[in-house]
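These notes are meant for a colleague who is opening this structure without having seen it before.

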Amino acid sequence: MKTRIMALATISILILLVFSNSPFVIKPASAHITKVFGNYLVTVGWQNEPVYNGLLNAPIVEVKKGSGDSAKPVINALANMQISIKYGSVTKQLDFVPDSTVDGQYVSPLLPSRVGTYSLIMKGTIEDQQIDTEIPLDDVASIDTLNFPQSGSSVDTSNIGQIGTIINQLTSDIEEAKNNANSAAQNVANVGKSFQEVKDTTDRLYLISMAGIGIGVAGIVIAVFALSRKGEKI
Amino acid sequence: MNNKIIALLLAVVISSGLIYTHPAYAHNFGGDESASFLAKVSEIKTEVGFIAKHVSDSAAIGYYSDALSEYWNANDTKEMGERNTLLQKEIPATINSTISDARAGNQDAVKADVSQLNGYLDEAIPVRVDKDKLNNSTVQALAVTFVLKEVLEKYGDAVNSTVNLNDMSQMNMGGSMQQMSVPIVDQLKYENSIGLASAAQQMFNDLVTKNPDKSTYNDKISTAFTKFLQDINNKADGNTVMTDVHMQIHPNLVSAYNIQTVPEFPMPALLVIISIVGVIVITRFRSIKLRQ
């Protein structure tokens, strides 16, 4: 009897171990990191976790003042903060806006395009507290783990060289198109400016012409009036 | 004899139409939602600041509550809800708690409310105004003109002006250069106009720091703002205050920050046309009468 119970317990533990390491297990979403700066708690993380490349997400920053459960959200906390996101050696300035649900929480929509480690670089002040830090975010996983069937599975490896050439060609085409678009935008801006100048001139001419027409018509009326008077006298 | 009188009248009316031509455009600025919102934030902050100053003063709180209800109404709440439901709820709620705490005489609570409301309003700016517009100096300058419009409206009421101070056509262009103090008939509106004028000046100062390249115009506008504030503080007559805004601040803001003005209706031409129609009617009537 004892051995049976021991065997069952061992099997149960094994099953639990297998399931806990399985990719199909839903892991808790909270991978947010909190750092303390003086009297302020700054928590960063992704809005939706786990994070996959190619899916819209948003880094979030939550700022509270105080400690523990009594900490209170700080309103307009990021007014004097510059926050950028870093991936490898590449950084991008982020514009955080207040979250729609939680006071003192700010989000900046972002689509992480690559798998790997991202971090937030925060510089500035929150109220009177100086902040200069880099806080890592939860790693971005590959969307391929969710893809089925694998989108790249049919690609023959012998074609990779050809694809590289095509991509290079496309890149240069895109660059050229971008330059053309920039020059077109410049032309449009010039046309807009010219149009505004024409509009201003037209407005002025409108005033002058209206006054002119009025005077002209008045002259005609006076002339007609004078002629009719002359006729009456005769 | 009668014909001579008619001819003379015609000449007078036509001449008056030509003389009427104003030396400057009336500054009718087009609407811009972003600039309106920036002005609204500044105006609300000014009004809640005054509520904090007048805690327990029911008359003053009543006046500033009415002013606040003009600046933040149900439509503003609805529009905010389209972008951020938290601010949609918190901004009006904090305005109401500021007013109720002020009525209850709770100075500390009002101070906390005002600080929180200012924070929410600052948060609302990037939510409500797109980044491009927020960084656009024309939009910011336009917001200054919107606050100035409120100043003139309040000041006009405070001194019981018979003319609309925002209507440049009602300015006395050839008026005496000697400034006169006028009696204040509504002290709260007077105080409010000073507060809003200071807010407009602060908005302009913020604009200056972001646009150092426009120093020539900025210097002129800064000087004009200083004089404007002085004139209001000295209870100058409406025409003096109008001159400060319409002849000094507005033209330089328009030129420096490329603000588009709505073209003025051609009143001279209208006067001339009306006079001609009048003369035609009279002469027709006279000729019919003579034939009879």
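1. Overall make-up of chain B. Chain B has 12 helices and zero strands, where helices (H or I, at least four residues) and strands (E, at least two) are DSSP runs numbered from the N terminus. Read along the sequence, the pattern is α-α-α-α-α-α-α-α-α-α-α-α.

2. Basis of the values. This is a predicted model, in which local features need pLDDT of at least 70 and side-chain atom pairs count only at pLDDT 80 or more, while totals for chains, interfaces and linings use all residues. Residues are numbered from 1 along each chain as its sequence is written, chains are lettered from A and ligands numbered from 1 in the order in which they are written, and side-chain values use heavy atoms, with hydrogens and water left out.

3. Burial and surface of chain B. Of the 292 residues in chain B, 48% are buried; buried means under 20% relative accessible area, exposed over 50%, and partly exposed in between (1.4 Å probe, protein chains only). The chain exposes about 14300 Å², and carbon and sulfur atoms supply 54% of that area. Accessible areas come from the Shrake-Rupley method with a 1.4 Å probe; for residues, only the protein chains shown count as cover.

4. Contacts along chain B. Taking contacts between residues at least 6 apart in sequence, 82% join residues at least 24 apart. Contact here means heavy atoms within 4.5 Å.

5. Helix α10 of chain B. This helix covers residues 215–233, has 19 residues, and reaches 26 Å from its first C-alpha to its last, close to the 27 Å expected at 1.5 Å a residue. The expected span is 1.5 Å times one less than the number of residues. Which residues of α10(B) are buried? They are Asn218(B), Ile221(B), Ala224(B), Phe225(B), Phe228(B), Leu229(B), Asp231(B) and Ile232(B). Seen down the axis of α10(B), these buried residues fall within an arc of 155°, so they line one face of the helix; the arc is that of the directions from the helix axis to the C-beta atoms.

6. Surroundings of α10(B). The buried residues of α10(B) pack against α8, α9 (187–210) and α11 (238–257) of chain B. Thr216(B) and Thr223(B) are exposed and sit on the face turned away from the buried side. After α10(B) comes Lys235(B), with a positive phi near 55°.

7. Salt bridges. A search of the whole structure finds 18 salt bridges over all chains, each being a side-chain nitrogen of Lys or Arg within 4 Å of a carboxyl oxygen of Asp or Glu. One of them joins Lys133(B) and Asp32(B), with the closest N and O atoms 3.3 Å apart. Lys133(B) lies in helix α7 (residues 131–134) of chain B and Asp32(B) in the loop between α1 (2–19) and α2 (33–53) of chain B, so the pair ties together parts that are 101 residues apart in sequence. Lys133(B) is partly exposed at 34% relative accessibility, whereas Asp32(B) is buried at 14%.

8. Further charged groups. Glu150(B) and Lys154(B) form a salt bridge at 3.4 Å, N to O. The two are four residues apart in helix α8 (residues 137–158) of chain B, and about one helical turn separates them. Are they buried or exposed? Glu150(B) is buried, with a relative accessible area of 15%, and Lys154(B) is buried at 6%. Glu33(B), Glu79(B) and Arg128(B) are linked in a network of salt bridges.

9. Strand β2 of chain A. This strand spans residues 40–46, and seven of its seven residues are buried. In a regular strand the side chains alternate between the two faces of the sheet. On one side of β2(A) are Tyr40(A), Val42(A), Val44(A) and Trp46(A), and on the other Leu41(A), Thr43(A) and Gly45(A), all buried.

10. Partners of β2(A). Strands pair if DSSP finds at least two bridges between them. β2(A) pairs in the antiparallel sense with β1 (residues 33–37) of chain A over five bridges, and Val36(A) stands opposite Leu41(A). β1(A) and β2(A) form a hairpin with two residues between them, and Gly38(A) in the turn has a positive phi of about 60°. β2(A) also pairs in the antiparallel sense with strand β4 (residues 59–65) of chain A over seven bridges; there Tyr40(A) stands opposite Lys65(A).
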